[in-house]
Amino acid sequence: MSTREQKIEELLTRGVAEVIDREHLRARLLSGGALRIKLGIDPTSPHLHLGRAVVLRKLRDFQDLGHKVIFIVGDFTGVIGDTSDKESERPMLSADTIEENMRTYMEQAGKIINLDTAEVHYNSTWLDKLGYDDIGEQADVFSLAEFIARENIKKRLDEGKRVSLREVLYPLMQGFDSVAVNADVELGGTDQRFNLLAGRRLQSAHGQAPQDILITNLILGTDGRKMSSSWGNTINLLDIPNDMFGKVMSIPDELLLSYFTHCTRVPLSEVEKIMSGIQTGANPRDAKVRLAKEIVTLYHGAEEAEKAEQYFVETFSKKHIPQDVREIKVAENIKVVDVMAESDLAKNKSDARRKIEQGGVSLGDEKISDGARIFTKSDNGKVLKVGKKDFVRIVL
RNA sequence: GGGUAGGUGGCGGAGUGGUCAAACGCACCUGACUGUAAAUCAGGCGACUUCGGUCUUCGGGGGUUCGAAUCCCUCCCUGCCCA
């Protein structure tokens, strides 16, 4: 098998849940022509996380093979709100939020995709122009039964939860995006299956050849549940290196294989070696350190990854106070609780008191037991430690 | 249009006149332990507090009562069934 064939094989399999139509797509990839690869992202959250990055990496792989990336910013669909990955109705976002999220989105996507050679479209360009007659025509391609048979919709209906009629329209719009850009291939996560297939249907209805679709797996979050912004278990692309490293270290051991496969470019043969090493007694922690470094390197570079590892070992394994601690200016005679509440060391004074009561706060070598303790000149330069990971150097 | 069931803290979900700042679960925070910011265990989890308490919460507004998340009126919102 040639290198190119190998790459194509990996493209079609690594972290991939399903390809439709697999043989058709393989043949087209092997034939060498440049394909139009579509990915749509709705700017519903300002943060891209590792889960979203899986599909972006896949897109990048296509790009590296010489295909044209069509990146669709869902400024229109984002307002409508996709329900595919949601267990409840999604609120419609305001145009302002969309615009703000969009900016950070592109910035983050740019870390993975080469935006210079990509086509970037905003789907309001064409969706804005559709009238009721167009929508009616497109809606006629689908039946209501298909829609309500979708697992997550069915579940909500069974539970007596509300499903808005607006939600029915979403797949039509995403599908029409494919028509508008004449996509050859569309990527998406497993939760997108229905929407991706809608693209094929609509393209056929509009006399286009139906796109092939490549569905990537979803990855689980740091707590072992589905990675989702609303669960708060995400590892974000904009996380600072230390956080990113720490979050990766906190994933359950069972997720190691999945993360190596989906979130890194470590060759699969090597991943296999690492995994079998763990089977025969190697410490999973070491594999996780490797994983964390790989991931931090992808987004922040090797040097930062190295630093993050050191920080982690010093702070959590050895429980030392880290070298580079942010400083905070404190006036004389201010109470500890006030300092904590006014900075982000505690949510408010009550929270600060609780943390102190529970023995989670120390200043230098001294354990703080009284929230009313006052800072004096002699505290200058001491490090205030809150919990396991919050350090601040006090400057009087 | 008719009927009926509901709207409770970040989420799910108890509570139906005082003992409710509101059970329980999830998430979150702190501690112990550890290979880890994992798992497990313990504690905490509205705000302010001189730790005695004080103040603001149970869809919105109004009322009854010594006292309401709980009763009444009204408005808004949602599910289900029927037409």
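In this predicted model, strands S2 and S5 pair in the parallel sense over 2 bridges, and within this pairing Ile37 stands opposite Val185 in S5. On its other pairing, strand S5 joins S6, again in the parallel sense, over 5 bridges, where Gly188 has Ile215 of S6 as its bridge partner. Strand S5 is mostly covered, since 4 of its 5 residues are buried. Strands of a sheet pair through backbone hydrogen bonds, either parallel or antiparallel.

These pairings belong to an open sheet of 6 strands, in which the order is S1-S6-S5-S2-S3-S4 and the pairing is mixed. Strand S1 (16-20) and strand S4 (119-122) stand at the edges with a single partner strand each, so that one side of each is left without a neighbour in the sheet. On average, and with direction ignored, neighbouring strands of this sheet are turned by 20° against each other. Towards the edge formed by S4, strand S3 (residues 68-73) pairs with S4 in the parallel sense over 4 bridges, and Val73 stands opposite Tyr122 in S4.

Helices pack on this sheet as well. Helix H2 (residues 22-31) touches S1, strand S5 (185-189) and strand S6 (212-216), and its direction makes about 85° with that of S1. Helix H10 (residues 165-181), in turn, touches strand S2 (36-41), S3, S4 and S5, with a direction that makes about 145° with that of S2.

In the loop between H10 and S5 lies Asn182, which has a positive phi of about 55° although it is not a glycine. Most residues other than glycine have a negative phi, and most peptide bonds are trans. Asn182 has 14 other C-beta atoms within 10 Å and is therefore partly exposed. A positive phi, near 65°, is also found at Asn333, a residue other than glycine, which is placed in the loop between strand S7 (327-329) and helix H17 (336-342). Asn333 counts as exposed because it has 8 C-beta neighbours inside 10 Å, a number that falls within the limit of 12 or fewer for an exposed residue.

Contacts between helices were also examined. Helix H12 (residues 241-249) and helix H16 (residues 302-317) pack at an angle of about 65°, with their axes 9 Å apart, and their crossing is right-handed. On the side of H12 the contact is made by Pro241, Asn242, Phe245, Gly246 and Met249, which meet residues of H16 including Ala305, Ala308, Tyr311 and Phe312. The residues of this contact divide into 7 nonpolar, 2 polar and 3 charged. An α-helix has 3.6 residues a turn, so residues three or four places apart point the same way.

In helix H13 (residues 256-263), the residues Leu256, Tyr259, Phe260, His262 and Cys263 are buried, and the buried residues of H13 pack against helix H3 (50-64), H14 and helix H15 (284-300). Helix H14, by contrast, is hardly covered, as the count of buried residues among its 12 residues is 0. From its first C-alpha to its last, helix H14 (residues 268-279) reaches 16 Å, which is close to the 16 Å expected at 1.5 Å a residue. Helix H14 is followed by Gly281, whose phi is positive, near 110°.

Notes. Residues are numbered from 1 along each chain as its sequence is written. Chains are lettered from A and ligands numbered from 1 in the order in which they are written. This is a predicted model: local features need pLDDT of at least 70, side-chain atom pairs count only at pLDDT 80 or more; totals for chains, interfaces and linings use all residues. The expected span of a helix is 1.5 Å times one less than its number of residues. A residue is buried if 20 or more other C-beta atoms lie within 10 Å of its own, exposed if 12 or fewer, and partly exposed in between; C-beta atoms are placed from the backbone. Two strands pair if DSSP finds at least two bridges between them. Axes are lines fitted to C-alpha atoms, for helices over the stretch in contact, and angles run from 0 to 180 degrees between N-to-C directions. Two residues are in contact if their C-beta atoms, placed from the backbone, lie within 7 Å. A crossing is left-handed if the near helix is turned anticlockwise from the far one by less than a right angle, and right-handed if clockwise. Ala, Val, Leu, Ile, Met, Phe, Trp, Tyr, Cys and Pro count as nonpolar, Asp, Glu, Lys and Arg as charged, and the others, Gly among them, as polar.
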